[in-house]
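Subject: Structure for you to look over

Hi,

Here is the structure we talked about. Please open it and read the notes below alongside it.

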Amino acid sequence: MTDVTPLARSTTPAEFAAPEAVLTLTGMTVAYAAAPAIEDVTARFAKGAMTAIIGPNGAGKSTLLKATLGLLPTVSGKVEAFGLPLARALPRIAYVPQRASVDWDFPARVLDVVLMGLYRQTGALGRIGKAETARATECLSRVGMEAFADRQIGALSGGQQQRVFLARALAQGADLYLLDEPFAGVDAATESAIITVLKSLRDEGRSIIAVHHDLATVPAYFDRVLLLNRRLVAEGTVATTFRQALVAQTYGAALPGTIPA
Amino acid sequence: MDGSEFVPLTLPPMVIALLAALSCAGPGNFLILRRQAMLGDAMSHVVLPGIVAAFLLSGSASPPILLAGALAAAALSAALIEAIRRLGGTDPGAAMGITFTAMFAAGVLMLELSGAASVHLDVEHALYGNLEGLIWLDATGWASLLDIAALGGLPPELPALALVAGLILATLRIFHRPLAIATFDEGFATSLGIPTRLLSAGLVALTALAAVAAFSAVGSILTIAMLICPPATARLLTDDLGRQIRLSLGLAALAAVAGTVAAGYLPLFLGLSFTVSASGMIATVSGLGLALAATLSPRRHGHGQRG
């Protein structure tokens, strides 16, 4: 593979004043069987920003997210969030997996899924009371799904399922949100509902990191980008880093002309 | 009915079948949701060599010793499945198939080659169970249920199974919430700090325990019916996990009681001069229930029974 160096950081003076990091990965390598899925990734994610992780299929975007959360064994690497080791930071992190990663035929109602987000508060033996139900319902209304609270999850559309996942993350009351392809296969109404919620979280000072595949919406949705193709290509603000040369380098191919040169 | 025949001959097998059915149906709910029904089948087979080995080594057929042997065999098979999967690069289903048939075959061979066959264990009982043999000779009627001396003569399987059933159901009750979350969305559960691997291993252990419990009642082959049929039937009838589990326990109890009674009395009632196998009848009743639910359920799924 091509040897690439993080160019963005050295190109613009503003990049030297690096923002405070919410999440830091150091030398992270993950391998499936023998082939490395991501190799020696060192990255800092800015606090209070919305960062898109972009890269071609097979670039290891989801893998990076999962390894960050300790869901996959890493060959090497260190994860720190909020200046703490991962295990101690996890209670402040909400994870939204890919919608397709679960069996939506599971016997549960929409409300039951959102209540899962309150697990840390209630504990393993905790009872679900009125307060928990009220909190879950409030999270559902933030994503416009309160009318569906008693609906069977298998009866939802893809976009509605994604909103339920987001409501479950909201219930966690986290300060850092890691989302894996939150806009994959959702309708336009859901996409705008999700981005509204994510931006309001950002405006409350929380940090958002999302694996994203639609390059056209990057400038409208995100503050920063991390370009990944098994190795880190670049990380920085959309204005400095979401540039044709760097994105083309990431994808290893010519790109549509919508990206600023 | 004065119970002079029912209490010593039919009641103990019925209660034992009931306890075995409850022990199996509980973990079975999570097995079908995790699409691991095959694991239940594997466990019901691998316990056989464990039970035989424990009997041969200790010379005793007391339930705790057989249980320890069975659990050791279950642990060994879990390790073997993992080893075959990793070292041989086979898929989990094939690794399971290789392991449990080999271990079951070893168990049958050990039974036949050793003296165990003549004492407490024989191949037929291991395969089809021995419910009818679990009788309570000290009982003379319903009054014996209050007679402490007579209660001492109950088949030892009964209190052992009561303990196992209580343990399994209490464990599932306590860990219901983390187990449900981990079953629905393992990655999310891990990010919540839920020890998902430990829970998976725990579910395997409970399944093994249930398989051992059922082994003495219905034998290896029909244990799978107790593990899967009631939960699969309940799954077709409700979309709420808690209700599904309660319903599966009710259906399991119903199949156990109806199966034992039908095996003992139905042929006589029909004017025939023999009885049929209680374990066979329980499995049949369970299967009929599943067929009925699959046909009539308002929430039939296109892909039918999962697992």
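Asp175(A) is partly exposed, with a relative accessible area of 25% (buried means under 20%, exposed over 50%, partly exposed in between; 1.4 Å probe, protein chains only). Asp175(A) forms a salt bridge with Arg206(A), the closest N and O atoms being 3.7 Å apart. A salt bridge here is a side-chain nitrogen of Lys or Arg within 4 Å of a carboxyl oxygen of Asp or Glu.

This is a predicted model, where local features need pLDDT of at least 70 and side-chain atom pairs count only at pLDDT 80 or more, while totals for chains, interfaces and linings use all residues. Residues are numbered from 1 along each chain as its sequence is written, chains are lettered from A and ligands numbered from 1 in the order in which they are written, and side-chain values use heavy atoms, leaving out hydrogens and water.

Back to the salt bridges. Arg206(A) also meets Glu204(A), at 2.8 Å, N to O. Shared partners join Arg92(A), Arg142(A), Asp175(A), Glu204(A) and Arg206(A) into one network. Within it, Arg142(A) pairs with Glu204(A) at 3.3 Å between the closest N and O atoms. That pair links distant parts of the chain, 62 residues apart: Arg142(A) is in helix 6 (residues 130–142) of chain A, and Glu204(A) is in the loop between helix 8 (188–203) and strand 8 (207–211). Helices (H or I, at least four residues) and strands (E, at least two) are DSSP runs, numbered from the N terminus. Arg142(A) is partly exposed, at 36% relative accessibility. Glu204(A) is partly exposed too, at 43%. The whole structure has 15 salt bridges over all chains.

Next, the surface of chain B. Leu266(B), Phe269(B), Leu270(B), Leu272(B), Phe274(B) and Val276(B) form a nonpolar patch with about 600 Å² of accessible area together. Patch residues have over 30% relative accessible area and no salt bridge; like charges are joined within 9 Å, nonpolar side chains (Val, Leu, Ile, Met, Phe, Trp, Tyr) within 5 Å. Areas come from the Shrake-Rupley method with a 1.4 Å probe; for residues, only the protein chains shown count as cover. Phe269(B) is in helix 11 (residues 241–269) of chain B. Phe269(B) counts as exposed because its relative accessibility is 70%.

Best wishes
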